[in-house]
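The following explanation leads the reader through one model, beginning with a single residue and ending with the chain as a whole.

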Amino acid sequence: MRARVGWPDVAKGVCIILVVLWHVVTKHAIEVKGAGPITDAWATLNAQLLPLRMPLFFLISGMFAGSAVNAPAGSSWRRRAGRLAAVYVIWVVIQTFVLALTPDFDTARAENGWQLLAQLTISPTNLWYLLALAVYLVVARLLRHVSTTVVLPIAFVIAAVAAAGLIPDLGNLWQLVQNLFFFLAGLRLRPMIERFAAASGPLRTLMLGAAYVAAVGAVGVLGMRQWPGVWPFLAVVAVTFGVAAYAVLDRHAGAIARPLRWIGQRTLPIYVIHMIPLALIDGALRGAGWVTTPAFEVVWPIVLTGVVIAICLAVHAALVRIGLGVLFDPLLLVDRVAAARMPG
């Protein structure tokens, strides 16, 4: 289908780049000695993109979960949820050991077995997107016969509660709860979303972009971030703009869209690996005594984001080549064992 190889993958490509850039800025760049107003501007810009990045990721994930969620037998959604949960467990454990080498790097890491158990269950780490998708698949399957007019309003209220800070502060648990609405919206409203994307042009995109900027500005100036319903509404505006923008980009700027689409089809290895090279690079450069200049502050986050993504893709290719692709799809090992046990 055109939709599968077009704008959704462009959107995923942009979103995963923004995820890496967010971590580069907030976990590394602001810690660099001599970082000043330009780095602060990077952090501010990234913060304004929070309503866009993960909600749009989940919307697209929901759009392509329908066949698994609604399959009569139910084996498809169980396999998909099991795969996501297993990948989450594997990479949380890997991160726990590797990040122990960089104790000064600012990210959550388990220091004992109880903390690790919490991160695998009620206190998700930076890999929370995978755990969230596994949970969302279960919820979507259980609610598959409930009307959309009931499911989405309830999910929006739940998102509003989470965004208002009423969820216990357990790692990224609040984000897991908050983004269920966008997954279910993608799942339930896919035809509408695809029609909207197909009908969007440059003028509509500019108008939606202006609405997004105005909404973000109003929320920031008035301090409305935790007002009930404001954050999920802002995310709806952001996601609507994102769908239109990436659909237009896909149709009218092929030279830009093609590499983004390529990256968007490889988001999993980037997502699960990127914190490790970032932490190791941060540790290697910490105390290096370099001189921070305004030009450096402008360019460095972009350069480091590109370097981290390139490392992730190279590591993924190497792991697959040596037979460790199961780290990204543990069910491959299950299938191999099952095939080996089959007679004949």
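**A buried threonine and its surroundings**

Thr267 has a relative accessible area of 12% and is therefore buried; buried means under 20% relative accessible area, exposed over 50% and partly exposed in between, with a 1.4 Å probe and protein chains only. The model is a predicted one, in which local features need pLDDT of at least 70 and side-chain atom pairs count only at pLDDT 80 or more, while totals for chains, interfaces and linings use all residues. Residues are numbered from 1 along each chain as its sequence is written, and side-chain values use heavy atoms, with hydrogens and water left out.

Thr267 belongs to helix H16, which comprises residues 267-273. Helices (H or I, at least four residues) and strands (E, at least two) are DSSP runs, numbered from the N terminus. Once neighbours within four places in sequence are set aside, Thr267 is in contact with Lys12, Ile16 and Phe57, contact meaning heavy atoms within 4.5 Å.

Helix H15 spans residues 254-264, and its buried residues include Ala257, Leu260, Arg261, Ile263 and Gly264. These residues lie on the same side of H15, because they cover an arc of only 160° around the axis; the arc is that of the directions from the helix axis to the C-beta atoms. An α-helix has 3.6 residues a turn, so residues three or four places apart point the same way. Ala255 and Arg258 are exposed and sit on the face of H15 turned away from its buried side.

Ala68 counts as buried because its relative accessibility is 0%. With residues up to four places away in sequence not counted, Ala68 touches Ser76, Trp77, Arg80 and Arg141. Asp106 is 38 residues from Ala68 in sequence, and their C-alpha atoms are 37 Å apart in space.

For the whole protein chain, the secondary structure consists of 19 helices and zero strands. Its radius of gyration is 20 Å, which agrees with the value near 20 Å for a compact globule of 344 residues; the radius is taken over C-alpha atoms, and the globule rule is 2.2 Å times the number of residues to the power 0.38. Of the 344 residues, 49% count as buried. Among contacts between residues at least 6 apart in sequence, 82% join residues at least 24 apart. Along the principal axes, the C-alpha atoms fill a box of roughly 60 × 55 × 45 Å.
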